[in-house]
Amino acid sequence: MTTTHAEPVHGGLAHEPEKATAEGRNKVLAFWLFLGGEAVLFGTLFATFLALRNQTNEGPAANDLFHLPLVAAATFLLLVSSLTSVFAIQAMHRNRPKLLRNWLLVTVMLGLGFLGLEIYEFSQYVRHEEFGMTTSAFSSAFYTLVGFHGAHVAFGILWISLLIGQLGYKGLTVVTAPKLYISAMYWHFIDVVWVFIFTVVYLLGKVG
Amino acid sequence: MDWITTVDHKKIAILYLWAGGLFFGIGGIEALLIRWQLIKPMNDFVDAQTFNELITMHGTTMIFLGVMPIIFALMNAVIPLQIGARDVAFPFLNALGFWTFLFGGLLLNLSWMMGGAPDAGWTSYTPLSGTAYSGTHGVDFYTIGLQIAGLGTLIGGINFLATIITMRAPGMSFMRMPMFAWTTFITSAIILFAFPAITVGLVLLTFDRILGANFFVPGGGGSPVLWQHIFWIFGHPEVYILILPAFGIISEVIPTFARKRLFGYSSMVFATILIAFLGFMVWAHHMFTTGLSPVANALFAVSTMLIAVPTGIKIFNWLFTLWGGSVRFATPNLFASGFIPTFTMGGVTGVMLASAPADFQFHDTYFVVAHFHYVIVGGLVMGLFAGLHYWWPKMFGRMLSETLGKWTFWTFIIGFHLTFFVQHFLGLMGMQRRVFTYLPNQHFDTLNLVSTIGAGLMGAGMLVFLANVWITSRKPPDAGGDPWEDGRTLEWSIPSPSPEYNFKQTPLVRGLDAFWKEKTAGNKGMTPAEPIGSIHMPSATPLPFVMAVGIFIAGLGFMFSRDDFSSALVSFLFNNYVVTGLGLLITFGAMLVRSLYDDHGWHIEPEELEGR
Ligand code: HEM
Ligand SMILES: [Cu+2]
């Protein structure tokens, strides 16, 4: 279309720079759609997990494995990171690129913390509990569901880090703003999925 | 080179057409080999293993690599034009979707040369598709090849959704949108919600086979029936992904050649939405015999039969459109009219199959084979033929020969009914599906011979079509903007083939069948909604191609990650995921390049537009 490409807007950025161009609006819309597909993806993984969660094949069961304090700490880190990404987008809307960058950095650090805890958790299971991918249907379902989420977190960290780099290099423009905005959408989505994992996998595993 | 870097939806359409056509041809040859094996009892043309590979690859290829891409070809060629847009929402992603589909399909077909094709049926039921029963790499090619190809489909679906939501010309409200655009919209929505399910299914099966997971392995606590649920919750909507676009095509072709507006437009829209919705609720009708509860069977039987209602509405609307119109039977309309009774017959056997008690008799017999070929070939492939003949002039600027078109139609439809009509009876008499041969004197002999002869005739029809394409391509372009003279929708208001910017000025839409409306008002063309101005175009780029190559390499690497090779170096590279990593690096590298260099595109200036 005639005006889809963009240059930095001089004398102040549009109030919602992510929606200032047709391309930006398309991106946001398509990303909502994409998240719809992701919801089906995780829905299928959850259904699989629920179907197989008691099929322990004489290996460890949820109750023997999970340490809620560790998982709670991971949950806390991820929830806070969602909050900091909100702060980042607010900074973007106020056209404060430095503040934006700093909040994104905090988000990434928190994400890394979460990922570290998860890797520690998995390695404990594998090393001390003899609970690996091949142990049982339950273990396969557990590692696949939680691991898929972890892979999403890792991808998000990589993505946002690259965007931080791009922000430094190109500044906050109507081209970079939609990318930052959808990465924040993605991050919230991951967070919501984790809330379900925390409930369905860990809490239910401890009590059910 | 042009073709590798293009992001123009009209060129991508042609790429989809050639690639889909190629795979369709391969699938067709596989079908003929299957039929040749079954021409007489106790035939030993191929052995049982090869037969299993043939039916698996035939079904998989036809559905995922043959007809779906041809559907995508028509959507790409037509949708932006029909809604009055200069482009799709994401030209880059459009190209990426094509290339991932192509490389996924290539990977799948490499299996023939690399130690055996997949052999567990196109449904890959577990535990048959597990390593215990399928020890070659065949099924790995299936899981990973389809995964990559499926990625392309998903990308395409999201792109069409965004395009239709945001890129419609001024005045083109949803209820003024042509039916093909509507069915594309709904189909894309089904893709978005169905494909992630099979994505997960394929991942789980891959993990079972390559990482030793236990999802579907009963010995490890897994559940084979779980695979069926995941497969069919994708698989049933998939058949609507295939048939709804055909419905859309028929709804375009019939009004054009009956010179009447589509009867019951809004009920057509509503029926389409309803079919899509119900399509997600009925998957377990494929599983009546797996031992779900009688209550579950009853519920799924009833919900399946409900789909007959909106489908019936569509059939009657087409008939009412033809009724009293001044009907012209040009080739597209021949196919469209042939579609109606053929598809209806497939629908009737569908309702029969939906009756759970009866399905215990029909299940896994040739009755099922007859049913789904009536729907997929008699319905969808006929629809595609109608669409191809109809839009060929728009895509290539040349009219296909009417004489040869009629020959195609008659050989194809006669061959089709010969092939598949008799299979109903074979099935009722008890001939099982997916068996590589049968004993003599069970009353199967003659009917199988007839079926094979019919298949040959269909093959002949395809050859006539190819000849038509070949002959036509050697003639100079001869199609005007509105070559059927009764075009109703926007694509006919611009030259054939359309210029790369589609519309010089975005048109103003003033009603349903926008172009027809202007013509009846005495106008020559559409009223523009904007002054002539400079047009922004996206630039060509090889990155989508490179990204798909990377994914392809990563897939191969992962597949062989547990193998021993005679060369220690090769073993090292595969077993340590070096090859996989390299592939991913290529893909992510291309993504990085894409994000570092802003692609501002280029402009076509008004003087240039006027010069043409
Ligand atoms: C020349 C036309 C065709 C002929 C002669 C033909 C013939 C056959 C035969 C003999 C089978 C094996 C049935 C069995 O033993 O289960 C089969 C299976 C199948 N065909 Fe076709 N076919 C044709 C076209 C198509 C087309 C165009 C499609 C899809 C668009 C298609 C989709 C399938 C599927 C999904 C299966 C099931 C494979 C399986 O059982 O795993 N066929 N076909
Ligand atoms: Cu079905």
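This is a predicted model: local features need pLDDT of at least 70, side-chain atom pairs count only at pLDDT 80 or more; totals for chains, interfaces and linings use all residues.
The iron atom of ligand 1 is coordinated by B:His58 (NE2) and B:His373 (NE2), at 2.1 Å. Residues are numbered from 1 along each chain as its sequence is written, and chains are lettered from A and ligands numbered from 1 in the order in which they are written. Local features need pLDDT of at least 70, side-chain atom pairs count only at pLDDT 80 or more, and totals for chains, interfaces and linings use all residues, while side-chain values use heavy atoms, without hydrogens and water.

**Iron site**
- The 6 donor atoms around the iron atom of ligand 1 subtend angles of 86 to 180 degrees, so the arrangement is octahedral.
- B:His58 lies in helix 3 (residues 48-82) of chain B and B:His373 in helix 13 (residues 366-396) of chain B, so the pair ties together parts that are 315 residues apart in sequence.
- Donors are N, O and S atoms within 2.8 Å of the metal (3.2 Å for Na, K and Ca), and water is not among the atoms, so sites may look incomplete.
- Six donors count as octahedral if opposite donors are over 155 degrees apart and all others between 65 and 115.
- Helices are DSSP runs (H or I, at least four residues), numbered from the N terminus.

**Ligand shell**
- Ligand 1 is surrounded by 24 residues, with a heavy atom within 4 Å as the criterion.
- Helix 13 of chain B gives the most to this shell, with 7 residues.
- An oxygen atom of ligand 1 is 3.1 Å from an N or O atom in the side chain of B:Arg433.

**Confidence**
- The complex has an ipTM of 0.94 and a pTM of 0.94 from the predictor.

Technical notes:
Four donors count as tetrahedral if all angles lie between 85 and 135 degrees; four count as square planar and six as octahedral if opposite donors are over 155 degrees apart and all others between 65 and 115; anything else is irregular. Helices (H or I, at least four residues) and strands (E, at least two) are DSSP runs, numbered from the N terminus. A polar contact is a pair of N or O atoms within 3.5 Å; within protein, one must be able to donate a hydrogen and the other to accept it, and residues adjacent in sequence count only if both atoms are side-chain atoms.
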